[in-house]
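Welcome! Let us walk through this structure together, one part at a time.

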Amino acid sequence: MFKINPYRPGAGLMPTYLAGRDEDIQNVEQMFDALTMNIPTQSIIFSGLRGVGKTVLLNKLQKIAEDKDIFCKHIEVEERNDFVSQIASCSQAFLRKVSAKEKFKNLIQKPLDAIKALVVSFDPNDNTFSLSLQERELYKSTNLTQSLSEVFTTIGETASKSETPICFFIDEIQYMKAKELGALIAALHRTNQLGYPVMVIGAGLPKIYKMLSDEKSYSERLFLYKEVDSLTEEQSRKAVEEPVKRFGVSYTEEAICKIINITKGYPFFIQQLCQIIYQRVDGKIVQLSDVEKAIPVFFDTLDNGFFKVRYERCAESDKKFIFAMVRCGELPCTISNVAKNLHKSVNSISTTRALLISKGIIYPIRYKELDFTVPEFSGFIQRLDEYRQWCDEVRSE
């Protein structure tokens with residue numbers, strides 16, 4: 001029998017009650033207000049581990065921006081996707097919106113030419129513009145930074161004159177290619193210098209801070225950085241209790257404490273565990289015993305979905321590196337300890353380290369220390385037969 005369940009675990013799914021992000025939302029709302037007044041404002045980068053709700057926060061902020069008549073587009077960067085084609089498509093969509101008003105049609109040609117130059121030069125799969133060979137040569141450019149800056153400044157000028165501010169929401173920034181990220185930073189920087197109402201709100205894994213600073217030293221002044229972390233105890237309580245109040249259901253104190261202890265306050269974990277608990281409970285009060293019965297199902301669900309999908313992206317050498325990290329016992333761990341557990345030199349495992357960082361499985365912390373981007377991933381590894389077999393093999397060597 002179908003039962004309405006108010007908990008919504010999933011990639012970027014908006015929970016029925018968004019806990020713990022009020023301060024971030026209020027701060028960004030004020031920045032949106034400045035943007036609508038044609039006052040340039042800093043762009044924002046949210047970083048955090050998997051499952052802390054970065055995408056949910058982005059989606060919430062986009063809805064607020066749209067309600068304030070800010071032109072918004074969401075871009076999800078993927079390893080195999082071309083960022084240039086996505087930003088060009090979003091810019092074209094902005095021009096279509098502006099051109100719908102007769103008095104602004106004269107503002108379109110200059111940014112349209114800039115977009116053509118960007119696409120013709122840097123989008124290998126372009127089928128957007130039907131141009132002759134002569135026209136294509138006209139729009140040809142060899143400098144991505146220059147081309148993207150031209151797009152941003154021209155749409156920024158149009159945004160200012162048409163009183164239509166722009167905000168691009170970019171998720172999974174860590175998958176951007178270095179030259180694309182550098183070009184984006186430079187383009188946004190130039191647009192801000194000219195006072196145009198264009199901003200970016202991005203989200204990604206913790207390594208994006210280093211990526212941004214490596215590309216452009218001034219990125220630290222260009223962006224407002226905000227870490228999205230697990231929820232506090234009070235916030236976690238609200239995430240557990242608020243969704244079921246409308247159904248007249250409540251949790252005992254012991255049940256709530258157990259949920260917080262198991263989930264460590266990670267929003268996705270709270271949604272997943274509470275969904276399982278609520279689905280199985282018939283009464284109006286959730287007891288500690290209800291939580292304890294759901295825990296094995298909770299870990300099984302995570303192991304076969306949230307954790308497994310990331311683990312299966314790893315090659316054999318990646319897996320052994322991960323096993324060696326877990327065998328360190330305490331995370332974050334140093335690269336030298338990982339090498340020691342693998343009976344190899346640090347230099348010989350540096351390529352695997354770089355690949356795992358690139359895949360978004362691990363990230364560097366401080367000097368030569370590493371941790372997993374997925375909360376509680378080490379517990380999942382410890383539950384694997386492969387890991388236990390590897391440990392036995394290592395001990396017998």
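Helices (H or I, at least four residues) and strands (E, at least two) are DSSP runs, numbered from the N terminus. The model is predicted, so local features need pLDDT of at least 70 and side-chain atom pairs count only at pLDDT 80 or more, while totals for chains, interfaces and linings use all residues. Residues are numbered from 1 along each chain as its sequence is written, and side-chain values use heavy atoms, with hydrogens and water left out.

Q272 counts as buried because its relative accessibility is 10%; buried means under 20% relative accessible area, exposed over 50%, and partly exposed in between (1.4 Å probe, protein chains only). Apart from neighbours within four places in sequence, Q272 is in contact with P9, F298, T301 and L302, where contact means heavy atoms within 4.5 Å.

Now look at the whole helix. Two packed helices are described by the angle between their axes and the distance between the axes. Helix α12 (residues 267–280) packs with helix α13 (residues 288–311) at an angle of about 130°, and their axes are 9 Å apart. Axes are lines fitted to C-alpha atoms, for helices over the stretch in contact, and angles run from 0 to 180 degrees between N-to-C directions. The residues making this contact include F268, Q272 and I276 of α12, and V297, F298 and T301 of α13.

Next come the sheets. Strands of a sheet pair through backbone hydrogen bonds, either parallel or antiparallel. Two strands pair if DSSP finds at least two bridges between them. Five strands make an open sheet with parallel pairing, in the order β2-β3-β4-β1-β5. Its edge strands are β2 (71–76) and β5 (223–227), each pairing on one side only. Strand β1 (residues 43–47) pairs with β5 over five bridges in the parallel sense, and S43 has F223 as its bridge partner in β5. Helices lie across this sheet too: α3 (residues 83–99) lies across β2 and β3 (166–171), running at about 165° to β2.

Which strands form the open sheet of three, and in what order? The order is β8-β10-β9, and the pairing is antiparallel. β8 (333–334) and β9 (362–365) each have a single partner strand, so one side of each is left without a neighbour in the sheet. Between β8 and strand β10 (residues 369–372) there are two bridges in the antiparallel sense, and C333 has L370 as its bridge partner in β10. Helix α14 (residues 316–327) lies across β8, β9 and β10, running at about 105° to β10.
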